[in-house]
Number of protein chains: 2
Amino acid sequence: MGTVSRVLNGSPQVRDETRARVLTAIEELDYRPNPLARGLSLGRSHTLGVVVPFFTHPSAVARLQGVVAALDGSRYDLVLFNVASPAHRDEHFAALTRRDRADGLLVMSLPAPAHDLERLVTSRVPVVLVDAYGPGVPCVVTDDVSGGRLATEHLVALGHRRIGFIGDDPENPFGFVASAARQDGCEAVLAEHGLELDPELVRHGPHDREIAEQLATELLSLPEPPTAIFASSDVQALGALAAATAQGRSVPADLSVVGFDDIELSSYARLTTVRQPLFDSGFLGASLLLEALEGATPPPPVVHELPVELVERATTGPNVTTEQGSGRRG
Amino acid sequence: MGTVSRVLNGSPQVRDETRARVLTAIEELDYRPNPLARGLSLGRSHTLGVVVPFFTHPSAVARLQGVVAALDGSRYDLVLFNVASPAHRDEHFAALTRRDRADGLLVMSLPAPAHDLERLVTSRVPVVLVDAYGPGVPCVVTDDVSGGRLATEHLVALGHRRIGFIGDDPENPFGFVASAARQDGCEAVLAEHGLELDPELVRHGPHDREIAEQLATELLSLPEPPTAIFASSDVQALGALAAATAQGRSVPADLSVVGFDDIELSSYARLTTVRQPLFDSGFLGASLLLEALEGATPPPPVVHELPVELVERATTGPNVTTEQGSGRRG
DNA sequence: GCAACTTGTGGAAGCGCTTCCACGCTTCCT
DNA sequence: AGGAAGCGTGGAAGCGCTTCCACAAGTTGC
């Protein structure tokens with residue numbers, strides 16, 4: 001058994017003839033090592049855990065595809081942990097914050113509680129965050145503030161002054177902050193143009209298309225409706241688009257809409273949006289994790305920022321309304 | 001250790017007081033059993049393998065979400081095996097056709113080689129096929145022939161006589177047969193109306209949007225182009241739609257398009273399509289597998305057929321062209 | 001009040017690997 | 001030719017669980 005193991009693991013301490021004998025025996029018996037036994041003995045499971053809100057965020061799917069691609073040639077299996085609620089999340093973290101469950105952990109689109117992060121670091125479980133920040137661990141993120149700026153600058157350049165914002169609830173149960181950052185970027189640009197985000201034009205709600213549609217309907221029903229809406233995600237932008245259609249407004253003539261993410265749907269909807277490299281974020285995150293696992297050294301807690309880019313499609317256009325808005329011309 | 005194990009596994013052979021003592025000790029030490037050791041001892045890994053062409057088919061993502069949902073409350077982890085090529089597939093099967101790698105296997109949207117299926121059955125690894133047929137194993141499928149009929153009947157009822165078909169290559173490397181079955185349904189309905197599928201109007205190619213767009217362009221460039229196109233998947237239908245747009249044809253006035261699947265994209269594209277319950281198929285497949293695992297009896301090789309349904313949206317309309325086509329009026 | 005049970009507990013074996021250790025064989029130096 | 005050194009191999013321990021077995025204690029029946 002010892003020799004067989006040496007052959008399988010490519011130890012040089014084996015005579016060529018013996019190696020050949022073992023290999024033919026393996027072939028004949030169609031022998032395959034039991035990965036569980038191997039893992040138990042080695043103290044590692046050759047498994048990578050991915051914690052991801054697989055349902056709630058369509059962008060998570062695109063990131064996950066990047067992860068899968070990165071893991072492809074590696075000898076690690078991907079174990080998928082879906083998170084549908086914070087309780088769910090905590091359950092998974094409780095199970096995963098030990099080295100014996102997964103060799104490494106990738107947390108996607110989900111702010112991990114600091115407490116769990118600490119446990120992971122002390123348990124020496126390498127962890128990488130994708131689309132989330134966490135102290136002491138490497139993160140792959142996009143600059144949401146810049147993205148918010150990009151979208152807003154585009155709208156302002158088109159002459160829009162009265163801009164609405166639809167985003168996630170700042171008090172959302174998972175503690176997502178991307179939406180708030182995008183709003184910050186939006187407000188910063190407006191301020192630079194001597195404008196401000198009218199609080200009445202800001203609506204928050206759970207990350208959901210129908211809810212966004214409802215929020216957009218509210219905005220459009222205002223006495224002084226916005227001429228443009230910046231939604232903090234494509235999902236929400238699509239909801240806004242649906243609201244406009246339902247109200248008989250044509251886009252972009254009556255209303256401009258910008259989203260964020262550039263999910264696959266968006267190119268069909270011809271949605272102008274801020275693209276973030278979703279696939280690449282998953283790919284990079286998984287690669288960092290693999291690197292840390294190979295090197296047996298904890299991954300350096302670097303924040304990798306991926307570029308954002310405005311993708312101009314058909315849902316934004318010049319402001320042709322005659323309103324003077326609430327702000328002065330920049 | 002023996003007693004601790006009994007407590008953890010809920011054996012009744014433990015005095016209440018002892019149980020309490022063990023439980024407080026567990027709490028104090030923050031003890032968690034090592035799943036690898038447990039698996040090795042028990043001979044099972046508490047893991048479900050899902051083999052799926054995660055990239056190539058967007059419908060696979062929807063099915064996968066059903067699987068994840070079904071597994072949610074269970075004590076099984078989901079290990080994702082992405083398949084990008086037949087070699088990939090064989091590699092995974094070679095590894096997975098043993099009980100020690102995964103307790104059960106779900107194969108999605110992928111005809112499994114009969115040889116591998118046999119090995120799985122003899123290795124007593126429960127396996128369920130979703131969106132694929134295989135001898136001797138349970139399958140969750142949709143009736144593709146009926147679906148093809150549905151789509152075609154719709155077009156015929158709208159007065160279309162010259163109908164084009166875009167589908168997968170019958171010789172595709174994975175051996176997908178759904179597309180061919182849909183084509184069969186199409187041809188059957190046409191025959192019933194005294195029509196036939198003009199071989200010139202049938203185009204096959206790899207399952208890809210760009211390629212479908214090109215095939216559709218070919219069809220539309222014909223001297224006698226079709227007035228309607230039935231694409232064997234939404235992905236391909238969307239390609240056809242793009243081709244029509246590129247050629248300046250308006251849909252459905254100049255061309256009707258029907259797809260198949262009803263992926264999320266399709267509602268945005270306002271695509272008329274044949275809906276198959278993607279999420280449900282994954283859910284059912286995973287449920288069957290779990291049942292078989294609990295019962296420790298191999299899953300009965302039943303074919304579960306899920307219903308298809310025509311979803312009429314905005315890409316199909318009455319045939320208003322004046323052509324007399326190649327067939328007679330039904 | 002002692003045999004024959006029942007109930008609960010600790011200890012040991014075993015799951016299938018890896019790895020360390022010890023031993024036998026070869027080789028080379030003296 | 002005899003001993004030191006080195007290479008290759010088989011055997012055993014150990015990874016952390018489960019489960020079987022044996023045994024101590026508590027319970028019933030005569």
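Which residue in E2(B) is the bridge partner of Leu78(A)? I looked it up and found Leu80(B).

**Entry 1: ground rules.** I note that this is a predicted model, in which local features need pLDDT of at least 70, side-chain atom pairs count only at pLDDT 80 or more, and totals for chains, interfaces and linings use all residues. Residues are numbered from 1 along each chain as its sequence is written, while chains are lettered from A and ligands numbered from 1 in the order in which they are written. Helices (H or I, at least four residues) and strands (E, at least two) are DSSP runs, numbered from the N terminus.

**Entry 2: confidence.** pLDDT is the predictor's confidence in each residue, from 0 to 100. Chain A averages 92, and 97% of its residues score at least 70. I marked residues 324-330 of chain A, where pLDDT stays under 50. For that stretch the model has 13 contacts beyond four places in sequence; a contact means that two C-beta atoms, placed from the backbone, lie within 7 Å.

**Entry 3: where chain A meets chain B.** I read 26 residues from chain A and 26 residues from chain B in the contact. On the chain B side, helix H3 (35-42), helix H4 (58-71), strand E2 (77-82) and helix H11 (264-269) each supply at least two residues. By class, that side has 14 nonpolar, 5 polar and 7 charged residues. Here Ala, Val, Leu, Ile, Met, Phe, Trp, Tyr, Cys and Pro count as nonpolar, Asp, Glu, Lys and Arg as charged, and the others, Gly among them, as polar. Strand E2 (residues 77-82) of chain A runs antiparallel to E2(B), joined by 3 bridges. Two strands count as paired if DSSP finds at least two bridges between them.

Entry 4: I took a residue as near a strand if its C-beta atom, placed from the backbone, lies within 6 Å of it. DNA strand C has 22 residues around it, and Gly2(A), Ser5(A), Ser41(A), Gly2(B) and Thr18(B) come nearest. Helix H1 (2-8) and helix H3 (35-42) of chain A, with H1 (2-8) and H3 of chain B, each give two or more residues to this surface. H3(A) has the largest share, 5 residues. DNA strand D is also surrounded by 22 residues, and the closest are Gly2(A), Thr18(A), Gly2(B), Ser5(B) and Ala37(B). Near DNA strand D, H3(B) gives the most, with 5 residues. I read 9 nonpolar, 10 polar and 3 charged residues for the surface near DNA strand D.

**Entry 5: a sheet in chain A.** I traced an open sheet of 6 strands in the order E7-E6-E8-E9-E10-E12, with mixed pairing. Strand E7 (202-205) and strand E12 (309-311) stand at the edges with a single partner strand each, so one side of each is left without a neighbour in the sheet. The twist averages 20 degrees from one strand to the next. Strand E6 (residues 163-168) and E7(A) pair in the parallel sense over 4 bridges, and Ile166(A) has Arg203(A) as its bridge partner in E7(A). Helix H7 (residues 144-157) of chain A packs on the sheet, and its direction makes about 165 degrees with that of E9(A). Helix H10 (residues 234-246) of chain A also packs on the sheet, at about 160 degrees to E9(A). Axes are lines fitted to C-alpha atoms, for helices over the stretch in contact, and angles run from 0 to 180 degrees between N-to-C directions.
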